[in-house]
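The sequence and the coordinates are shown first.

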Amino acid sequence: MFKILKSLSKSLIGHKSTPAAPAKPGSLLDKVNKNAPAPAPKSAAPKTAEELCEVTAKMSKPDIQARIKLLYRRYNHSAGSLDAKIRDEAETMLNAIVDVREKHFGEL
């Protein structure tokens with residue numbers, strides 16, 4: 001089942017949503033955004049699949065399996081979201097889950 005999920009997610013990676021048109025200067029959106037706090041800077045190094053899934057080397061196989069189950073339930077549900085940002089995050093996490101599962105439990 002994970003192989004199917006992985007191949008589906010790979011086929012959908014190329015489809016990105018189009019960006020929204022920029023707001024007019026002086027609009028209400030600019031006024032709101034000017035008062036908003038600045039976004040936190042993203043870290044330069046991308047996280048590994050284990051870091052994303054919060055799996056450590058000290059965890060036993062049943063603990064890893066339970067963690068993967070929990071994350072899969074959470075992000076599989078989010079994969080059907082209408083919000084593109086949530087869908088992208090879910091896709092990233094589902095790919096990480098597949099990688100961790102294959103690493104610790106072997107190929108499907």
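The model is predicted: local features require pLDDT of at least 70 and side-chain atom pairs count only at pLDDT 80 or more, whereas totals for chains, interfaces and linings use all residues. Residues are numbered from 1 along each chain as its sequence is written, and side-chain values use heavy atoms, with hydrogens and water left out.

**Overall architecture**

The protein chain contains five helices and zero strands; these elements are DSSP runs numbered from the N terminus, with helices being H or I of at least four residues and strands E of at least two. Read from the N terminus, the order is α-α-α-α-α. Of the 108 residues in the protein chain, 23% count as buried, where buried means under 20% relative accessible area, exposed means over 50%, and partly exposed lies in between (1.4 Å probe, protein chains only). Contact means heavy atoms within 4.5 Å. Among contacts in the protein chain with a separation of 6 or more, 67% are between residues 24 or more positions apart.

**Packing of α4 against α5**

Helix α4 spans residues 61-78 and helix α5 spans residues 84-105; their axes come within 9 Å and cross at roughly 155 degrees. Axes are lines fitted to C-alpha atoms, for helices over the stretch in contact, and the angles run from 0 to 180 degrees between N-to-C directions. The two helices, α4 and α5, are therefore roughly antiparallel to each other, a description applied to angles over 145 degrees, while angles under 35 count as roughly parallel, 65 to 115 as roughly perpendicular and the rest as oblique.

On the α4 side, the contact residues include Ile 64, Ile 68, Leu 71 and Tyr 75, and on the α5 side they include Ala 90, Met 93, Ile 97 and Val 100. The residues of this contact of α4 with α5 divide into twelve nonpolar, four polar and four charged. Here Ala, Val, Leu, Ile, Met, Phe, Trp, Tyr, Cys and Pro count as nonpolar, Asp, Glu, Lys and Arg as charged, and the others, Gly among them, as polar.

**The largest nonpolar core**

A nonpolar core is a set of buried Ala, Val, Leu, Ile, Met, Phe, Trp, Tyr and Cys residues joined through side-chain atoms within 4.5 Å. The largest such core has 14 residues, of which Cys 53, Leu 71, Tyr 75, Ile 97 and Val 100 touch the most other members. Two or more residues are given to this core by each of α3 (49-53), α4 and α5. The largest share, six residues, comes from α5.

**Selected residues**

| Residue | Relative accessible area | Class |
|---|---|---|
| Leu 71 | 2% | buried |
| Met 59 | 23% | partly exposed |
| Arg 87 | 32% | partly exposed |
| Glu 54 | 53% | exposed |

Leu 71 is found in helix α4. Not counting residues up to four places away in sequence, Leu 71 touches Cys 53, Met 93 and Ile 97.

Arg 87 is placed in helix α5. Beyond four places in sequence, Arg 87 touches Ser 78, Ala 79, Ser 81 and Leu 82.

Both remaining residues belong to the loop between α3 and α4, which holds Glu 54 and Met 59. Glu 54 has a phi near 60 degrees, a positive value in a residue other than glycine. Apart from neighbours within four places in sequence, Met 59 is in contact with Glu 54, Ile 64 and Arg 67.
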